[in-house]
Structures are given as structure tokens and as C-alpha cells.
Amino acid sequence: MPSKMNMAPLALAALLCASNTALAQEQVVKIGVTGPLSGANAFAGKDNENGVRLAVEDLNAQKIKVAGKLLRFELQSEDDAGDPKQGVTVAQKLVDGGVKFVLGPYNSGVAIPASRVYNDAGALMSTVGTNPKITQANYKTVFRIVASDSQVGGSMASYAAKELKVRNVGVIDDRTAFGTGVATEFKRQAQAAGIKVAGHEFTNDKASDFAAILTSLRAKKVDAIFFGGYAPQGAPMARQMKALGLNVPLLGGDTLCSPEMAKLGGPAVGENVRCAQAGAIIAKQPGGPAFLTKYKARFKRDPDVYAPSFYDQTMFIAEAMKAANSTAPAAVAQQLRTLSYQGVVGTYGYDDKGNIKKTAVTVYTFKNGALAPLASY
């Protein structure tokens, strides 16, 4: 019979062996997030990160196994500052660190150059960038998880023509890839719907004074203004329109459908603002209310525009891993193009270019500082 002293090393060896076996049966899957965590759009970057974080926590609680190994998801978030150059640097950092699945970028202008880095490294990128150019390169592991500019701009053009009876519109864009893309699509489809574009003015995504271009459009007697740009410019634009007596609707894309608009714009942001956001009305979706409750309990605030979409895509990627029985990005990408997934804000499935096949676009306004849905297309 061995002594207790002799049994101790045996027990330790057995424990180490069991631990090593457990580690051998576990696979870490790094999930990267890239977005503006600094600067004027940091609120959106943090919201996107929160959506992925919530998904990662839910997936780890599910104890998913793929190819006989327990998957452990780890989040790595990087600040691209909404800057194309920094976005490329961040992309290289993520792929050099072994990250094969990336949620983001948020900005189209970052997503376009970053997509090449991810494609060349064989990593899978899922962006909410809406500019059509993102998927025109036909990279097999690049996905747009929301509607494109053509869908968002077109829906707002239809709404302006049919519901608001707009006949003479002014267009402003901030010269970013997003702002120019969505403004161009709105302008094209507004003209097709019989709306006259009285003027197309330009600003930038750092501006705060819009008096000159708003005065120019007021002189042209526009009955609405479409702004292709972000909330940190949209909110002061709404205030300055009111100060100038330019009492016409301010229209925009998904980036204006943010609580930040009401926060920055105060009483100048109300039913005068109309914005089009990809996705159905989340509160009316089967899993929507539960997600909203879970998000608020976890982060002590309501989600912004895209946290639900980032959550859904992260969960969909895990479903694709299970279907492929692989964590190889190419195999997962193939499943994303094959499967259909019901998320909390809609149904996901992608065409051969990586565009979402079908998505609703909802037009919102603001009531008492909160988004209120008006119509879905």
C-alpha cells in the first residue's frame, strides 16, 4: 500500500493531466470589434461593442461544442476612431493577433479599406457600413449586416414623396463615404419619385456651424432637408434650422436614428426629424422585448441603433460554426450564405456578395426625446 506521501505526487499528476485534457478539448475563438470608441461617435462604437459583448457572454453560457471542442469566445475591442487610416492599422493588429472574426467597422469610410486587410488575411468581417462599395469587391468573407444606402435612401425618398408630400428638397452631405453614399441614393430616388432637388450642399463630419448652407437652402424655399451624415452634426443642424426659422423636416439615414440626436439637440429635435433605420421595429419582434430588458440590465442604459444587429450577427456566426462543424472563416462564411437565422431584430441571410438578402427599413421620428416608429418598408 503506497504511503500518503507517495500518493500526493500521484494526485497532483492526475490533476494536471485532467487539466491538460480539459484545455486540449477547449478552443478559444477571438471575436474582434472595431469602431469609434473615441471622438464624436464614441457613443455608437460603445453601443456596438456592448451588443457583441452581450452575445459573447450568452454564447459562453451555452457551452457550444464544435469539432469535439468546447468553444470559449473572447472579445477584443479596438478603437478605430472612425478614421480610415487608423481603421486599417487596427485591422492589421487584429489579424496579426489571430482574430478571425471581426464585428465592425461602424463607418463606411473605415470599412472600405479595412475590408481588404481582413480579406487578405482570411478573416471574416461583419459591418454596418452602408456604402454599396463595401461589398462590390466581392470578398467572400465580408458581410453587410444591415440595409445598404440604396435601401435606406430609397425608403426615405419614398416616405418623403408619399407621406410628407415633399416637392422641393435640399440635400446636405458630410463628404464621408457614408454621408455621400446615402445622400446620393436619396437624391437619385427622390428625383425618380418626382421631387425636385433644389440644391446639394456640403459640409464635413467635424463641422458645427451650418448657417451659410442652411441660409442658402432657405432662399431656395425647400420644404425638407435631407442630411447624409452623423448625429453629432445632425443635432446642431436641427437647432440652427429652428433658429433660422427654417421650419421644415430634417430627414436622414440610420445615423440620425440615435438617442444622441435628442440628447445633443434638445427641444430642437422632435417630430421635425425623420430618419430611416435598417431593421424591423425591435419592440415588436418576438425576441425584441427580452433583448431590450437584458441589455438594459447588463449595461444600465437602452441600446442605441446597432447593438441588436451586432448581437444578432455574433450569434449567427456561432450558429454557422455549429452547422459547418468548423471555426474556419471560409467554412463559416459559406454557412452564412446558406442558412437563415432569426435574430432579435429580424431575419438574417446573405447573398453571394455578402449583402443581407431581405431587411425591413423603418422610418422613425422623435417624441419626448425617444424614437417613435412611423412606417416600415
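A: Contact here means heavy atoms within 4.5 Å. This is a predicted model, where local features need pLDDT of at least 70, side-chain atom pairs count only at pLDDT 80 or more, and totals for chains, interfaces and linings use all residues. Residues are numbered from 1 along each chain as its sequence is written, and side-chain values use heavy atoms, with hydrogens and water left out.

Q: OK, which residues does Thr 127 touch?
A: Not counting residues up to four places away in sequence, Thr 127 touches Gly 104, Pro 105, Ala 111, Ile 134, Phe 143, Arg 144 and Ile 145.

Q: And where is Thr 127 found?
A: In strand β5, residues 124-127. Helices (H or I, at least four residues) and strands (E, at least two) are DSSP runs, numbered from the N terminus.

Q: Is Thr 127 buried or exposed?
A: Thr 127 is buried, with a relative accessible area of 0%. Buried means under 20% relative accessible area, exposed over 50%, and partly exposed in between, using a 1.4 Å probe and protein chains only.

Q: What does the side chain of Thr 127 reach?
A: The backbone oxygen of Pro 105, at 2.5 Å. Pro 105 is also among the residues that Thr 127 touches.

Q: Switching to helices: how do the axes of α2 and α12 cross?
A: Helix α2 (residues 42-62) and helix α12 (residues 307-324) have axes that come within 7 Å and cross at roughly 35 degrees. Those axes are lines fitted to C-alpha atoms, for helices over the stretch in contact, with angles from 0 to 180 degrees between N-to-C directions.

Q: Which residues make the contact?
A: From α2, they include Asp 47, Gly 51, Leu 54 and Ala 55, and from α12, they include Phe 310, Tyr 311 and Met 315. The residues of this contact between α2 and α12 divide into nine nonpolar, four polar and two charged. Ala, Val, Leu, Ile, Met, Phe, Trp, Tyr, Cys and Pro count as nonpolar, Asp, Glu, Lys and Arg as charged, and the others, Gly among them, as polar.

Q: Now salt bridges: how many in the whole structure?
A: A search finds 12. A salt bridge is a side-chain nitrogen of Lys or Arg within 4 Å of a carboxyl oxygen of Asp or Glu.

Q: What does Glu 57 form a salt bridge with?
A: With Arg 298, and the closest N and O atoms are 2.8 Å apart. Glu 57 lies in helix α2 and Arg 298 in helix α11 (residues 288-299), so the pair ties together parts that are 241 residues apart in sequence. Glu 57 is partly exposed at 32% relative accessibility, and Arg 298 is partly exposed at 37%.

Q: How about Lys 93 and its salt bridge?
A: Lys 93 pairs with Glu 78, the closest N and O atoms being 3.1 Å apart. Since Lys 93 lies in helix α3 (residues 84-96) and Glu 78 in strand β3 (residues 69-79), the pair ties together parts that are 15 residues apart in sequence. Lys 93 is partly exposed, at 47%, whereas Glu 78 counts as buried at 13% relative accessibility.

Q: Which residues are linked in a network of salt bridges?
A: Glu 26, Arg 72 and Glu 74.

Q: Last topic: where is Val 222?
A: Val 222 sits in the loop between α8 (211-219) and β9 (224-228). Val 222 is buried, with a relative accessible area of 6%. Leaving aside neighbours within four places in sequence, Val 222 is in contact with Asn 168, Val 169, Gly 170, Ala 198, Leu 217 and Val 248.

Note on methods
A polar contact is a pair of N or O atoms within 3.5 Å; within protein, one must be able to donate a hydrogen and the other to accept it, and residues adjacent in sequence count only if both atoms are side-chain atoms.
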